[in-house]
Amino acid sequence: MPKRVALSLAGLSVGGLAAAWAVRGHDHHESRRAWDALAAGAMRPAALFRPDMVAGLPEPARRYFTFAIAPGTPLSTVVELDMVGEIGLGDKERPNYRPMVAREILAPPHGFVWMPRIGSGLGRISGSDACIGDQAWTRFWLLNTVPVARTKATPDLVRSARARAVAEALWAPASLLPANGVTWEPVDGNRARAVFRHEGESFALEFTVAESGRPLSVAMRRWTNANPERVFRYQPFGATVEETGTFAGYTIPTRIDGGNGFGTDAYFPFFRARVTEARFR
């Protein structure tokens, strides 16, 4: 990797470097603007959590909410997260895990901005994944200079990114309440399904919880091209919850493993994260 990086940098002219830095600066500005827009959309909580708010939900959902939200907690639906962990840049056979440090703002189902630093030294990658409104992107740069991924918003990418915002809703438990338009359906004694309707589409997220209400896993059918053919289609996606922690009255996953092919032999947990801080807005 260092030799390849050196050759890439050496091949850039001064003008090319200036142009690359200008584009990188634009990407960073757009990420910050999206972050600020999601933060600005956070309404001051008008209600405090009461267990009777979820009394009529399927039993697994009721247990989940009484585990995840302490009575009297302001019902905030936007959260800012600090996390560390590792990202698999390869596949199941060759995962190529790299260390990761990231910040994220999440407002299910309206969007997210995830801003990581991946790897170290001459192999360091940074940038953002984001979804807000009808825009979504993946933009990553090597050493803030060489673009390694820079996608444009397409209907397929937006649909896939919106599903991610829903899949991460465990980090913003109040966003899952019926008062926010979420419909809950029973599955069995330990599973229930939360259905979000957003921008004319439905996104169904299945929860598995313990007797205590502690979340054990989430799963969904996500529109994605994470397959050998690179064709967008619905595929299993999900995560297991390895640890939880409490922040400002919310008990959320603090260590998760997640990825594509969840629940199948093809499962590849490319995302292994540990939340170190959560700030609810």
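I worked on a predicted model, so I took local features only at pLDDT of at least 70 and side-chain atom pairs only at pLDDT 80 or more, while totals for chains, interfaces and linings use all residues. I number residues from 1 along each chain as its sequence is written, and side-chain values use heavy atoms, with hydrogens and water left out. Helices (H or I, at least four residues) and strands (E, at least two) are DSSP runs, numbered from the N terminus.

**Entry 1: backbone.** I then looked up the exceptions.

- I found a cis peptide bond from Pro108 to Pro109, with omega near -5°. Pro109 sits in the loop between strand E2 (97-107) and strand E3 (111-118).
- Asn96 is not a glycine, yet I read a positive phi of about 55°. I place Asn96 in the loop between strand E1 (79-88) and E2.
- Leu143, also a residue other than glycine, has a positive phi near 55°. Its loop runs between strand E5 (135-142) and strand E6 (146-150).

I checked accessibility next. Buried means under 20% relative accessible area, exposed over 50%, and partly exposed in between (1.4 Å probe, protein chains only). Asn96 is at 36%, so I log Asn96 as partly exposed. Leu143 is at 18%, so Leu143 goes down as buried.

**Entry 2: Val166.** I picked Val166 in helix H4 (residues 155-167). Val166 has a relative accessible area of 0%, so I count Val166 as buried. Its C-alpha lies 5.5 Å from that of Pro108, which is 58 residues away along the chain. Which residues does Val166 contact, leaving aside neighbours within four places in sequence? I take contact as heavy atoms within 4.5 Å. I get Pro109, Phe196, Phe203, Leu205 and Met220. Pro109 is the residue that ends the cis bond from Pro108.

**Entry 3: helix H3.** I listed the buried residues of H3 (residues 59-68): Pro60, Ala61, Arg63, Tyr64, Phe65 and Ala68. They pack against strand E7 (183-188), strand E8 (191-198), strand E9 (201-209), strand E10 (215-224) and strand E12 (250-260).

**Entry 4: ring pairs.** Rings of Phe, Tyr and Trp (its six-membered ring) pair if their centres lie within 6.5 Å; planes under 30 degrees apart are stacked, over 60 edge-to-face, and the rest tilted. I count 11 aromatic pairs in the structure. Tyr64 and Phe207 make a tilted pair, at 5.3 Å centre to centre with 50° between the planes. This pair links distant parts of the chain, with Tyr64 in helix H3 and Phe207 in strand E9, 143 residues apart. Tyr64 is buried at 1%, and Phe207 is buried at 1%.

I then turned to Tyr97 and Phe268, whose ring centres are 6.3 Å apart with planes at 50°, so this pair is tilted. Tyr97 is in strand E2 and Phe268 in strand E13 (residues 268-280), so the pair ties together parts 171 residues apart in sequence. Tyr97 is partly exposed at 23%, whereas Phe268 is buried at 12%.

I also noted a cluster: ring pairs link Tyr64, Phe65, Trp184 and Phe207.

**Entry 5: charges over rings.** My criterion is NZ of Lys or CZ of Arg within 6 Å of the ring centre and within 35 degrees of the ring normal. Arg139 lies over the face of Trp137, 4.4 Å from the ring centre. Arg222 lies over the face of Phe237, at 4.6 Å from the ring centre.
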